[in-house]
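Student: I have a model open and want to go through it with you. Where do we start?
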Amino acid sequence: MTTRISDLKKMFGGGASTGRQFGMIFTLVGIILLFQVLTDGLTLDPINLIALVSQYSYILILAIGMLMVIILGNIDLSVGSVAAVAGIVVAKAMATFDLSWPLAIVLGLLLGAAIGAWQGFWVAYVGVPAFIVTLGGLLLFRGMNQFIGNAQTIPVPAEFRVIGSGYLPEIGPDTGYNNLTLLLGLLVAIALAFREVRMRRTQRAMGSDMAPTWVSAVKVTLLIAVVVYASMLFAGGRVGTSFPVSGIILLVLVVVYSFLTNNTIFGRHVYAVGGNALAARLSGVKNKHVHFLVMMNMSILASLAGMIFVARSAASGPQDGLNWELDAIAACFIGGAAVAGGVGTVTGAMVGGLVMAVLNNGLQLMGVGADKVQMIKGLVLLLAVAVDVYNKSQGRPSLTGMLTRRFQRVPEVEPTPVPAAETSRPTS
Amino acid sequence: MTWTPSGVLVSTEPTILEMRSITKEFPGVKALSDVNLTVKAGEIHAICGENGAGKSTLMKVLSGVYPYGTYAGDIVYQGEVCRFKDIAASEHAGIVIIHQELALIPTLSITENIFLGNEPARRGVIDWQEAKLRAVELLARVGLDENPDTLIKNIGVGKQQLVEIAKAMSKQVKLLILDEPTAALNQSDSRHLLDLIQGLKGRGITSIMISHKLDELEAIADSITILRDGRTIETLDVVGDGVDEDRIIRGMVGRSLESRFPEHTPNIGEVFFEVRDWTVQHPMVAERLVCKDSAFTVRRGEIVGFAGLMGAGRTELAMSLFGRSYGTYVSGQIIKDGVEIRVPDVASAIRHGMAYVSEDRKVLGLNLLDDIKRSTVSAKLTKISRGQVVDKAEEHAVAEQYRTSLRIKTPSVDEGVSKLSGGNQQKVVLAKWMFTDPDLLILDEPTRGIDVGAKFEIYGVIQQLANQGKGVVVISSELPELLGLCDRIYTIFEGSITNELAARDADPESLMRSMTSSTKKKTSR
């Protein structure tokens, strides 16, 4: 079966960072199973799982935006403070001016856009390094949060809290499960199967190197099994709880941004500028626009994350969003993004974020103190990136490349050499 | 056998350096083969050759940049066989090289730069008093009247060059190597530097000088060694042999034009692209013009060559035309199909049917993290997109098509471009620009660093593009390439277009003459 390793790799999609993602997914599954054993099954308990999603959704939302910033070779340190400002402004608008909650959300997003435009202006058009602009932003917007809120806590109305602490409602017959969550799981499963079929059809049309049918079948079956199992878990928690609304927002964003980065011209431009800014410019990419839009997008997502957090904790306070930037950045790098830019995927960042989340959660369930949890998280980040750097310096693609190298066959595709000087003679 | 330098052997003109059958190979390229160089003590010895002839490589071997063991042959310096393991070792022996790109740190002072890595110190503590005194003395010797505390970035290139020489003198230099020392200098700074080099000769310092400026060499060199294609062609005694510029040029370009080009019958139409009064400033130094009133035309189906030595302003001209990608635009018009077009950025240049294949494909041409298919479509994504969404099936189909038609040797278009050989990378870049459906392609050194077979294929592609009625501009340092490929050739010298020749009327000598002096100077002679 030595020839099958490469086929198996195709289970996890294509692209440059496949190897890394492949490794990360295994790491994630490994960590989940490890903590499942260490915590006597508490990790995969519905109540814990639901709490985990609702507790980390806003960090993962930040990681989506941060991933694009990092692909450009930048860093945004201000996201926690931007989230805090958006939270307090929205809370105050609803408390003081009786703004309705949908308008409040719109206000929050517009504020995020305005802050993003401000930071993007300095980064893209003045040329101040993003690190500096957003370090300034970190202080500026933290202060602004405390200035606007008088360093006090402002509660938000119940309807608004749905985006942070709401769940899919209970409707339909009593099945012992949350029906909408089951339905959601079913939809996701169908979508996954559909996507695989479509991908294979495209691959056939392109005549590209395809995985055997059984690989696709196993892949889809596995994925659907995971989705079904997960939706049973989420649907089977305490009555009244189910898959969190914030988790749904996250899922939608992951789908949208994966599509944006992979399939749109803008996405291509982001990778192009991050990979080689000079070449991108000489290919007609407007590098400054790209920098501006990515910074702006980051702040919009930060303010959304801030609102979700405020909704979850029922009030906006002066300490909201503290150190979020660090978790978001760590998620991206664990998920395979490169500090130098040009490399990274949304899925990778999500897996990286989940590794951190499960690690954090599992250690807490085991009763490990916050001090030690931080130390362990720091070492995990260092180790994950160190393994990646080491492998690259050895000319190997990734951790998985290292693990599977022994079993790989010699690359079988060797192009037929063409006697150059003879054959390309123009006929004229 | 023991060989010792005796009074008999080093009678009148002692030899300070002898490099014997030096051979240096890089993966796939033989940069030097069997090169011999003999330098007499106290002379100014010039090394000439076209770009890529191996001059800089030879000097890097001598100065230990390429350490002993990475080349074959012997370096005999002051009567001893030397095996330098790094630059420090050669400097210790008194051989100092000043590179074309100055190795000074702009944010440090003159004193700090002179003694960088060689600081007068006691137990790790620098004696700045001592350093400054010595700096003042060294500056006086090179004739530079500057405060030694001045930062390097605040003095001009000419003075920086003098600081480099002061730095070399602080290391007790016996043999000074200068790689194109006057390339970036203006007339008076060059004059001063050349005087200084002659002054050093009076103090017993031997100099080896690489230069493209033949009039300078004629003026100050004692002997000239000519390299071509990594081999020594000849060593000329400037005074004794009565050497002049023509003699040097003949040595430099002497090879015959082999049949290295595909058969091609040009089918040339009317002028469709014209540049008038194109003047551009250097991006940093406003008073320096990198293009001066340049004007040229391109006809449909025509391959137009641009010949010029490194730094003459060929790339600067091309990039400034292509969406003002270089320097600061001062004046000039671009006229296409009889209408003046505005191209303030690359996107509009592409829209107007211009394409620029850059000189350095790894730095300016490709995103090395990308795969072949993404690179191929990267300059015109809209062509394979519906709205803003890229059609990946079509992207793949397009890349496949170019892979076949350009014979890009790769197992799959999903392969990363970083894994391709130079020639195949260049084909991907060509594909990328052919995909934009250009009317005018500017190819900057399209065959640099690629092997003969791939060159032949790329020439074929260029001719096909011309046959399709496109205008092609080829910038090249290889004169035989321009003569073999182009229909018409412009020469550039110091930012000005100095001559225009039909390729069939041109020969390497006439081109080289226009590339090394301005027309004005030529007529005044």
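Tutor: With the interface. This is a predicted model, and in it chain B and chain A bury about 3400 Å² between them, 61% of it on carbon and sulfur atoms.

Student: How many residues does the contact take from chain B and from chain A?
Tutor: Chain B gives 47 residues and chain A gives 35 residues.

Student: How many salt bridges are there across the interface of chain B and chain A?
Tutor: The rule finds 1 salt bridge across that interface. A:R268 pairs with B:E395, and the closest N and O atoms are 2.5 Å apart.

Student: Which elements of chain B supply at least two residues of the side that touches chain A?
Tutor: The helices are α10 (346-351), α11 (361-365), α12 (372-377), α13 (392-405), α14 (422-434) and α15 (452-467), and the strand β20 (389-390) also belongs to the set.

Student: Which gives the most?
Tutor: α15(B), with 7 residues.

Student: What is that side of chain B like by class?
Tutor: It has 20 nonpolar, 16 polar and 11 charged residues.

Student: Let's look at chain B as a whole. How many helices and strands does chain B have?
Tutor: Chain B has 18 helices and 24 strands. Its radius of gyration is 25 Å, close to the 24 Å from the globule rule for 525 residues, so chain B is as compact as a globular protein of that length. Along the principal axes, the C-alpha atoms of chain B fill a box of roughly 75 × 55 × 50 Å.

Student: What share of chain B counts as buried?
Tutor: Of its 525 residues, 54% count as buried. As for contacts in chain B with a separation of 6 or more, 67% of them come from residues 24 or more positions apart.

Student: New topic: α9 in chain B. How many of its residues are buried?
Tutor: 8 of its 8 residues are buried, and the helix, residues 314-321, is mostly covered. After α9(B) comes B:G323, with a positive phi near 65°.

Student: Is B:L309 buried or exposed?
Tutor: B:L309 counts as buried because its relative accessibility is 11%, and the cut-off for buried is under 20%.

Student: What does B:L309 touch?
Tutor: Leaving out residues up to four places away in sequence, B:L309 touches B:H212, B:R314, B:M512, B:M515 and B:T516. B:T206 is 103 residues from B:L309 in sequence, and their C-alpha atoms are 26 Å apart.

Student: Now backbone angles. What is phi of B:D229?
Tutor: Phi of B:D229 is near 50°, a positive value in a residue other than glycine. Most residues other than glycine have a negative phi.

Student: Where is B:D229?
Tutor: B:D229 is in the loop between β11 (223-228) and β12 (231-237) of chain B. B:D229 is partly exposed, at a relative accessible area of 46%.

Student: And what is phi of B:E494?
Tutor: Near 45°, again positive in a residue other than glycine. B:E494 is in the loop between β23 (488-493) and β24 (496-502) of chain B, and is partly exposed, with a relative accessible area of 36%.

Student: Over to chain A. Where does A:S313 lie?
Tutor: A:S313 lies in helix α13 of chain A, residues 287-313. A:S313 counts as partly exposed at 36% relative accessibility.

Student: What does the side chain of A:S313 reach?
Tutor: The backbone oxygen of A:F309, at 2.7 Å. A:S313 and A:I47 are 266 residues apart along the chain, with their C-alpha atoms separated by 18 Å.

Student: Last one: how many residues of α14 in chain A are buried?
Tutor: 9 of the 11 residues of α14(A), residues 324-334, are buried, so the helix is largely enclosed by the rest of the structure. The buried residues include A:W324, A:E325, A:C332 and A:F333. A:G336 follows α14(A) and has a positive phi, near 100°.

Definitions and conventions. Residues numbered from 1 in each chain as written. Chains lettered and ligands numbered in written order. Predicted model: local features only at pLDDT ≥ 70, side-chain atom pairs only at ≥ 80, totals over all residues. Heavy atoms only, no water. Contact = heavy atoms within 4.5 Å. Buried area = accessible area lost by both parts, 1.4 Å probe. Salt bridge = Lys/Arg side-chain N within 4 Å of Asp/Glu carboxyl O. Helix = DSSP H or I, 4+ residues; strand = E, 2+ residues; numbered from the N terminus. Nonpolar A, V, L, I, M, F, W, Y, C, P; charged D, E, K, R; others polar. Rg over C-alpha atoms; globule rule 2.2 N^0.38 Å. Buried < 20%, exposed > 50% of the residue type's maximum accessible area, 1.4 Å probe, protein only. Polar contact = N/O pair within 3.5 Å; in protein donor to acceptor, adjacent residues only side chain to side chain.
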